[in-house]
Amino acid sequence: MHATPFRFVTAAVPLVLMLAACSSDQQDLDLPLVESQAAPVVAAGGTAVTAERINAADSTPGEWLTHGRTYGEQRFSPLDKINTGNVKELGLAWYAELPTDRGIETTPLMADGKLFVTASWGHVLAYDAKSGEELWHFDPEVPKDYSIHACCDVVNRGAALWGDNVYAASIDGHLRALDRDTGAVVWDVDTRINTTDSYTVTGAPRIVNGKVVIGNGGAEMSVRGYVTAYDAVTGEQAWRFYTVPGNPADGFEDETQKRIADTWTGKWWENGKGGGTAWDSFAFDPELNLLYIGVGNGASWNQKIRSPDGGDNLFISSIVAVDADTGDYAWHYQTTPGDNWDYTATQHMILAELPIDGQERKVLMQAPKNGFFYVLDRVTGELLSADKYMPVTWATHVDMETGRPVEAPGMRDGTTDTIVSPGPSGAHNWHPMSYSPDTGLVYIPAKSSASIYADDFHTLERDAVWHINFNAGLMVGMPDEVPASARAAVGRDALAAELIAWDPIKGEAVWKKPRGYYSGSGLLSTHGNLLFQGDLGGTFSAFAADSGDELWSYPVQGGVMASPITYTIDNQQYVAVAQGWGGETGLPFGSVSGPQNMINISRLLVFKLGAAETLPEVPVVEQQLVADGVELSSSEFIETGRGLYNLYCAVCHGGNAISAGLIPDLRYRIADIAPAWQAIVIEGALAANGMPAWKEYLTPDEADLIKEYVKHEAVLGAKRGERRLVRAP
């Protein structure tokens, strides 16, 4: 943490003002677009991907046909050619540079000898899965200043396969079907219900019963959540399910919307539009024909604004089951009624069959942000268990009679210096879990986090806090130094990563491993008793799934957030993972979560036994922060600039003007860019890089005040002797 305090200005401004425009000082690599570079690995089209083929995944475990490998999203592979006895022989088979320099969160897919991977903004690439030769590359050509609409980087979590097509979305809300052999566009639909609200898509599509299912993001930007299904062949809309109700004066879309509107108060359709975006997790039970939707937080976060007289605010922070053919509501379970802390239930859901009290039950398991691990009957939605998997202070327990959490006193107060755990980053975020039927354990990429949630920080005694500003309707802060009392409450320092092997039947951890910075990557477990995970420190590792012992690691030069997969070709097993640091760890939480100034390296890495490929050296140089010739204004101007910076810039460029490294650290550049400040900030001179014009929201005088604050922080950093690593030119 950094010792210099900074304050936050009230969040009572229009939605788009809640985010800083996140720009990059590197251009995307110039790669060919939709151009076949080699003959297909198999006959054109390969074998059509169908429901029968996905359902038979365990009979043909050499492929990875859907996001979680199977509809149940277990992320477990029956492959065991790589196992605890030989994993130390694992080496790099090949790698490919990905064409972007932002966060990489994709899960690769493998079918018919081809790997399909997405990159930030919504790029899609195909490779020969054995040799690594690039087959084609599709660039959605999203204008870089669209990043102003994204809360947590311009990431993409993957694609879907069906028939002879690849399906993927781009950050600007477009969903496309691409020809599997060439990357040519088959159809393109805009999933946004309007182009005025800040809708984005970062999640991977799922295809069930011939329909492409996709949600959207943007709750922090004041949008209404929904999930849409499109015909996989034509792209025509099949159904749409809204996760929160709209304005009653406009009429409700169906009886479900009318019923859930009774759980809201005030004018939620004006005060944030409800939120409840389904930006990531889905699962599907083909026998029950139920699609399970993970629903996000409310907008605004602060329920006093969103729904001033309380209420559960359905379906925010809920798991909702709908008919896969029609989108009709079946059942729901709400993990955090009336959520006030950004406790989404969009986290990974896993389907399994477990013996509960001597009876085999079809279950759904989730470890959402709020710190409780839930086991539900996926037929009815009945709560079977709910246990804390990480330190939790907002609730004492979940009442098994009512299924509701019992909240601790004072957690919603908003006027006291109370530290709430987890914080908005959650005890587990988007990084996928894994379930091994061999061990019976669920593996969770967890983390501890804690924050102060306040209606107005000026009313609090605490001054040295780190803030993140979304359309929260409140201020969210983290102490620069977590006091001993808070550490005791949460059980550890804030933002510490942990890998947990969880027994879902006993409701307890079997083993735990600290994983350093902020959060480990998504997970893969295999029949070889292995568990694979990367970390933000730049290492990709294999652990024994039963004991947690680390058996192998490989330095990959940069952070890994995404989930690995495994597949076979010519009787050889491969493990593939995409790397690239960014996302919420590199933007809204980057300046406090570490590692500081990490260089983004976006690649696809593929390993096999006995391979010995090496990664190229990444030349870096160390820069010292200097502030020669920087003249400071009065303290009053600097303090006013501090508030404006925190309101508009901190989310991307970092708290206290200290960037985590993904987005430029303005302090290092202020001496050079100060003469062009108005052209950049007001006129949008760097819009092509992702820094749009702010003249609609800032006056030139306000922009100059922000500049004065950045100059002040540059001088302070120079006095501290700060240095950073950057790529050599």
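**Loops, helices and buried residues**

Trainee: Starting with aspartate 342, is that residue buried or exposed?
Mentor: Aspartate 342 is buried, with a relative accessible area of 5%. Buried means under 20% relative accessible area, exposed means over 50%, and partly exposed is in between, with a 1.4 Å probe and protein chains only.

Trainee: What kind of model is this?
Mentor: It is a predicted model, where local features need pLDDT of at least 70, side-chain atom pairs count only at pLDDT 80 or more, and totals for chains, interfaces and linings use all residues. Residues are numbered from 1 along each chain as its sequence is written, and side-chain values use heavy atoms, leaving out hydrogens and water.

Trainee: Back to aspartate 342. Where is it found?
Mentor: Aspartate 342 is in the loop between strand S20 (329-334) and strand S21 (349-356). Helices (H or I, at least four residues) and strands (E, at least two) are DSSP runs, numbered from the N terminus. Aspartate 342 also has a positive phi of about 65°, although it is not a glycine.

Trainee: What is phi for arginine 75?
Mentor: Near 55° for arginine 75, again a positive value in a residue other than glycine. Arginine 75 sits in the loop between H1 and S1, and it is buried, at 1% relative accessible area.

Trainee: Which loop holds glutamine 74?
Mentor: Glutamine 74 is in the loop between helix H1 (51-55) and S1. At 17% relative accessibility, glutamine 74 counts as buried.

Trainee: What does glutamine 74 touch, leaving aside neighbours within four places in sequence?
Mentor: With those neighbours left aside, glutamine 74 is in contact with Gly68, Ile350, Leu351, Ala352, Ser434, Tyr435 and Pro437. Contact means heavy atoms within 4.5 Å. The C-alpha atoms of glutamine 74 and alanine 352 are separated by 7.8 Å, and these two residues are 278 residues apart along the chain.

Trainee: Let's zoom out. How many helices and strands are in the protein chain?
Mentor: The protein chain has 11 helices and 43 strands. Of its 729 residues, 65% count as buried. Among contacts with a separation of 6 or more, residues 24 or more positions apart account for 65%.

Trainee: And what does the accessible surface come to?
Mentor: About 23700 Å² for the protein chain, with 49% of that belonging to carbon and sulfur atoms. Accessible areas come from the Shrake-Rupley method with a 1.4 Å probe, and for residues only the protein chains shown count as cover.

Trainee: Helices next. What span should H7 have?
Mentor: Helix H7 (residues 635-648) has 14 residues and should span 20 Å at 1.5 Å a residue; its end C-alpha atoms are 20 Å apart, which agrees. The expected span is 1.5 Å times one less than the number of residues in the helix.

Trainee: What covers the buried residues of H7?
Mentor: The cover includes helix H8 (650-653), helix H9 (666-673) and helix H11 (700-719). The buried residues of H7 include Ile638, Gly641, Leu644 and Tyr648.

Trainee: At what angle do H9 and H11 pack?
Mentor: H9 and H11 pack at about 120°, with their axes 8 Å apart. The contact is made by Leu666, Arg667 and Ile670 of H9 and by Lys707, Val710, Lys711, Glu713, Ala714 and Gly717 of H11. Axes are lines fitted to C-alpha atoms, for helices over the stretch in contact, and angles run from 0 to 180 degrees between N-to-C directions.

Trainee: How does the span of H11 work out?
Mentor: The 20 residues of H11 should span 28 Å, and the end C-alpha atoms are 29 Å apart, which agrees. Just after H11, glycine 721 takes a positive phi of about 75°.

Trainee: Different topic. Which residues does the cis peptide bond with omega about 0° join?
Mentor: That bond joins leucine 314 and phenylalanine 315. Phenylalanine 315 is in the loop between helix H3 (303-306) and strand S19 (318-323). The peptide bond from serine 421 to proline 422 is also cis, with omega near 0°. Proline 422 is in the loop between strand S27 (419-420) and strand S28 (434-436).

Trainee: Last one: where is asparagine 86?
Mentor: Asparagine 86 is in the loop between strand S1 (76-77) and strand S2 (90-97). It is buried, with a relative accessible area of 15%. Leaving aside neighbours within four places in sequence, asparagine 86 is in contact with Lys81 and Leu609.
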